[in-house]
Amino acid sequence: MSHLKVENLSFSYPVGDGRHIVLEKLDLSADKGDFISILGPSGCGKSTLLRLLSGFLRPEEGQVTLNGSILSSPFPEGQMIFQDTNQLLPWLSVENNILFPRFRSLLGSAEKKLSENDRLLLETIMDKTGLLSFRHHFSAQLSGGLKQRVSLARAIFAQPQILFLDEPFVSLDAPSRYELQNLLLNLWKKGGWTVFFVTHDISEALILSDKMLLFTGDGKGPLLITNFLESPRDPHSEQFRKEKLRLYSLIDSL
Amino acid sequence: MKIRFLLWPAAFILFWQLLYLLEIFPPLVFPSIWEILRQTGADLASGELIKGTLYSLLVIFAAFIPSLIGGFLMAFLSVKFSFSERITETAAALAHPLPGIALLPILILWTGLGIHIIVLIVIHSVLWPFYINIRSGFKDVPRLWLDFGKNNSLNGREEFLYILLPAAFPSIFAGVKIGWARAWRAVISAEMIFGTIGSAGGLGWFIYNKRIFMDTPGMYGGVFFLMLIGLVVETFLFRKIEKRTAIRWGGTHVSS
């Protein structure tokens with residue numbers, strides 16, 4: 001069932017006297033549980049599209065609808081995870097950061113007031129994201145990879161329908177990046193959220209997603225491509241390499 | 001930490017006593033540390049020093065409260081409306097560098113003599129650093145955190161309470177620290193120039209009076225006592241608060 005729907009979406013930025021067109025008459029629909037990568041070179045409008053989908057930006061033309069109603073502002077059912085590792089609130093512990101979206105007015109006494117279900121959910125998420133021993137840490141004491149883990153845990157605890165991820169692992173070293181990609185995949189398989197994942201890394205998109213929205217810099221509409229590689233996807237396999245080359249040539253030829 | 005806290009005062013006392021023993025300056029101008037301690041002890045025992053200090057502190061707190069309210073209000077308005085931002089920014093640029101003491105004759109002319117003059121001068125010295133720091137604290141809140149708030153549908157009150165205020169706290173607190181130092185400077189100098197009205201006088205008046213009566217050890221005692229207050233408040237209050245806030249949160253705002 002398609003629950004996030006983009007119809008006739010156009011968006012442009014003012015540049016000098018004219019306008020730089022980022023998106024023109026884009027149509028797109030995502031089914032529940034889709035993992036869609038938004039792929040393309042820097043500055044092509046990937047993040048703009050994500051901000052439009054998540055309600056942070058209003059379209060110039062067309063509309064984005066979630067379960068039938070038009071989006072006009074950000075919404076807690078669609079949790080955004082940013083590229084910047086400083087997105088955690090530094091005055092709150094890891095645990096309180098995770099609790100914040102749903103229990104912000106109770107922080108400090110939240111532990112006593114959580115329902116049994118929420119407490120269980122919190123523990124499960126902290127356990128799955130490997131954060132149990134960092135419960136009382138502050139973000140200044142965490143590495144970049146750990147901070148993004150907390151961001152992920154925080155978004156999941158908010159019980160979203162959709163996750164919007166804007167190159168969340170781009171500033172991490174290769175091992176942490178690999179670890180977090182796997183973590184995200186495993187969590188997604190169980191959680192069943194619809195995921196929009198912005199990246200400029202073709203391999204990352206191929207490993208993670210089932211559908212890819214391929215951008216080029218020329219302002220023409222992005223191309224929706226289905227990823228037929230069987231999971232778990234091995235970046236060293238012959239098939240994977242072939243598919244990667246195909247995508248490269250697609251970006252070049254567009 | 002407690003030992004380190006005493007290190008510098010101890011070094012200072014040793015140095016002072018060394019200078020005294022070398023007899024470089026006449027003892028009437030440069031008394032021995034024991035004489036200073038004895039006289040300070042006597043002034044403490046008589047209650048004179050304590051009363052003066054409490055009096056100055058009272059003036060500072062009387063000035064702090066309206067300044068904090070005023071600083072918050074001005075900062076809030078200037079963040080909200082560009083029209084009031086222009087006014088408050090111009091006012092701050094004009095008034096901030098002006099020494100409070102320069103306002104003394106004007107204030108006397110306008111409002112007459114009274115204890116309120118000293119309070120007004122202290123308000124002038126702390127209002128502007130309060131305003132400037134509170135405003136920059138609010139203005140510098142990263143968009144990322146505001147976006148996170150929007151994502152979770154925080155209303156205006158929640159955004160202020162749960163994001164803006166804690167995010168701006170290190171900067172606001174730095175403003176309070178600056179204000180505290182400025183307030184002491186202002187109150188001491190105003191008291192010295194202004195003397196005393198009625199029966200009571202503050203620490204500035206105490207120090208000034210000691211010089212008039214040639215009680216040099218008592219005068220030094222007053223100054224040292226003032227320094228001690230600064231040291232104690234810095235070590236046991238300000239630094240503790242910073243350890244729990246700005247330093248723990250990442251130290252980007254830490255200022256000394």
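These legends go with a set of close-up views of a predicted model.

Residues are counted from 1 along each chain as its sequence is written, while chains get letters from A and ligands numbers from 1 in the order in which they are written. Because the model is predicted, local features need pLDDT of at least 70 and side-chain atom pairs pLDDT 80 or more, totals for chains, interfaces and linings use all residues, and side-chain values rest on heavy atoms, with hydrogens and water left out.

**View 1. Chain B is built from ten helices and zero strands.** Helices here are DSSP runs of H or I with at least four residues, strands are E runs of at least two, and both are numbered from the N terminus. Walk along the sequence and you get α-α-α-α-α-α-α-α-α-α. The C-alpha trace of chain B spans about 70 × 50 × 30 Å along its principal axes.

**View 2. Here chain B meets chain A.** Chain B puts 18 residues into the contact and chain A puts in 23, contact being heavy atoms within 4.5 Å. Together they bury about 2,000 Å², 64% of it on carbon and sulfur atoms; that is accessible area (1.4 Å probe) lost on being put together, summed over both parts. Look for B:Leu144, B:Phe148 and B:Asn151, which supply 33% of the area that chain B buries against chain A, more than any other three residues.

**View 3. Two salt bridges cross the interface of chain B and chain A.** The rule asks for a side-chain nitrogen of Lys or Arg within 4 Å of a carboxyl oxygen of Asp or Glu. One to zoom in on joins A:Arg104 to B:Glu158, at 3.0 Å from N to O. On chain B, helix 7 (143-151) and helix 8 (156-194) each give two or more residues to the side touching chain A. Helix 7 of chain B gives the most, seven residues. That side of chain B splits into nine nonpolar, four polar and five charged residues.

**View 4. A salt bridge within chain A pairs A:Arg19 with A:Glu60.** Their closest N and O atoms sit 3.2 Å apart. A:Arg19 belongs to strand 2 (residues 18-31), whereas A:Glu60 is in the loop between helix 1 (46-53) and strand 4 (61-66) of chain A, so the pair links parts of the chain 41 residues apart. Over all chains, the salt-bridge count comes to 24.

**View 5. The lining of the largest pocket takes in 16 residues.** Nearest its centre are B:Pro9, B:Phe12, B:Ile13, B:Phe224 and B:Leu228. Helix 1 (2-22), helix 2 (33-46) and helix 10 (216-244) of chain B each give two or more residues to the lining.

Terms used. Buried area = accessible area lost by both parts, 1.4 Å probe. Nonpolar A, V, L, I, M, F, W, Y, C, P; charged D, E, K, R; others polar. 1 Å grid on protein atoms, 1.4 Å probe; cavity = no way out; pocket = protein on both sides within 12 Å on 5 of 7 lines; lining within 4 Å.
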